[in-house]
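Hi everyone, and thanks for coming.

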Amino acid sequence: MQRIWRKSGWAAVVVALCAARASGQALPAELASAWHETGMPQSSMSLVVQEVGGRRLAAVNAQVPRNPASVMKLVTTWTALSELGPTYKWTTDLVSNPGAPIVDGVLSGPLYVRAAGDPDLMLQDLWMLLRDLRLQGVRQIGDVVVDRSIFGNVATDPGAFDDAPDRAYNASPDAFMVGFGAQRLMFTPEAATHAWRVVMDPPLPNVKVEGKLDWSDAACRGPYEIYTTPVSTPQGTTFKLSGTIPGACGDFSLYRLALTQPAQTAGVFRELWKELGGTMTGQVRDGPAPADGTVLASHDSPELSDVIRVINKHSNNVMARTLLLTVGAERGLRPATVASSDAVVSRLLAGQGLPMPGLVLGNGAGLSRRARVSADDLAALLAAAWKSPYMPEFVSSLAILGEDGTVKKRLRHDEATGRSHLKTGTLRNVRAMAGYVTGASGKRYIVVCLVNNEKADEKAGALRYFDNALAAWLARR
């Protein structure tokens, strides 16, 4: 009998089931088979599957804290939503000294920027803010003083995490951040000359592009390797371009970090002000804005419910990091730091009945080697969110399986398509997934799966298959 089982794929399934039940844990046979394909021990995984408001269907190492990668954004976004409310907005003000006159278009004294830590302040938003200043009759400004005092010293080294300082996902948080601090490189194919044209948006004097992409007449079947190697000097940053791309791929853009957040924002500010016909005779520097200053122009961010939708669906790291600091500033002490904001989040969650003893929040985005949370605690958070009046806003912030966000390409045209709202996470040796699944019966399920193993990258395909099998299994229930 043992010889027959060894010849079938079910032998390993039976062994896995017996081992799980011996420790008071169990995977359904279908999922045990999918997990067996990963070739990793169950000790690498923490799993919770339960019906919303009902019984637990499966639990494996549920109380073991693990690195959740970007799934940690669920903790940050839920805390912000539940404490600040879905209509919370960030307001960025342009301020002058009290009673400072505007004479012949010249603003007397400095122009102050009262930064609010808006994580979603984009190029077009700053353009509109400066245009409103022009409509106030201001043509010439001297010094621009940026008040970043809502946050403390929160700047990070973009290359410290994985030695990729030019990648937008490594951007440092900042109280006055524009377009996530990234420079846009726009590539346009010119068929007549079989060449790629590159344009930098916005053009900055201390950021340059050298080299070129080679043209190919092949069909566009990507992905393709495009190298934008940054070379930094005291004068600025130069991107060295290389790679080969078929012209059939059409227009595309890449986003890269070139400067520190303050330097990037200062350069963009100057460029947009010049485009609007303004002149600037001074410098951009940090300093406090007058509390009783005159507000000349203001910009309100989108509502928080819209902001967390971007953070969770597209797993935006710097937005999540800035949101964590905002929670710290609004519910703790100013200037907010990462450490003080972590403590504020832990206190707020405990007040909601979510003590999370194993939580190590880190930077709030999951872009951390030391971040930890248990599957049990994440499941409890998801259950609490479901019972909240803000449940619709929270659930709608998650990516829809097979339709959008980070799970757009998973289980497309499948019976499970559209039935799951999920947050995924990936780091070296880490794969994670958590969210909600709607079964065919109409029942709702909470699912959390965290895998930490030195072979997780090597087994990425099998782990993806397991996650898909897990979502599909629940969708059929």
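Let's begin at one spot: Phe 187 sits opposite Val 198, a residue of strand S10. A quick reminder before we go on: this is a predicted model.

Which strand pairs with S10, and in what sense? That is strand S9, residues 183-190, which pairs with S10, residues 195-201, in the antiparallel sense over 7 bridges. Together S9 and S10 make a hairpin, with 4 residues between them. Look at His 194 in the turn, where phi is positive, at about 50 degrees.

Next, the cysteines. How many disulfides does a search of the whole structure find? The search finds 1, and it joins Cys 220 to Cys 249, with an S to S distance of 2.1 Å. The angle about the S-S bond is 100 degrees, and the link is right-handed. Cys 220 is in the loop between strands S12 and S13, while Cys 249 is in the loop between S14 and S15, so the link ties together parts 29 residues apart in sequence. Cys 220 is partly exposed, at 40% relative accessibility, and Cys 249 is partly exposed too, at 23%. Cys 449, on the other hand, is buried, at 1%.

Now let's go inside. The largest nonpolar core has 55 residues, and those touching the most other members are Val 75, Leu 349, Phe 394 and Tyr 436. Several elements give two or more residues to this core, including helix H4, helix H10 and strand S22. The largest share, 7 residues, comes from H10.

So let's look at that helix. Among the buried residues of H10 are Leu 378, Leu 381, Leu 382, Ala 385 and Trp 386. H10 has 13 residues, which at 1.5 Å a residue should span 18 Å; the end C-alpha atoms are 19 Å apart, so the two values agree.

Tyr 436 brings some of these names together: its contacts include Leu 382, Ala 385 and Trp 386, along with Phe 394. Apart from this core there is another one, of 34 residues, among them Leu 31, Val 49, Phe 466 and Ala 472.

One last stop: Leu 401, in the loop between strands S19 and S20. Is Leu 401 buried or exposed? Leu 401 counts as buried because its relative accessible area is 1%, under the 20% cut-off. Its contacts include Val 407, Leu 411, Leu 422 and Ala 471.

Notes:
Residues are numbered from 1 along each chain as its sequence is written. This is a predicted model: local features need pLDDT of at least 70, side-chain atom pairs count only at pLDDT 80 or more; totals for chains, interfaces and linings use all residues. Side-chain values use heavy atoms; hydrogens and water are left out. A nonpolar core is a set of buried Ala, Val, Leu, Ile, Met, Phe, Trp, Tyr and Cys residues joined through side-chain atoms within 4.5 Å. Buried means under 20% relative accessible area, exposed over 50%, partly exposed in between (1.4 Å probe, protein chains only). Contact means heavy atoms within 4.5 Å. The expected span of a helix is 1.5 Å times one less than its number of residues. Two strands pair if DSSP finds at least two bridges between them. A disulfide is a pair of cysteine sulfur atoms within 2.5 Å. Lists of a residue's contacts leave out its neighbours within four places in sequence.
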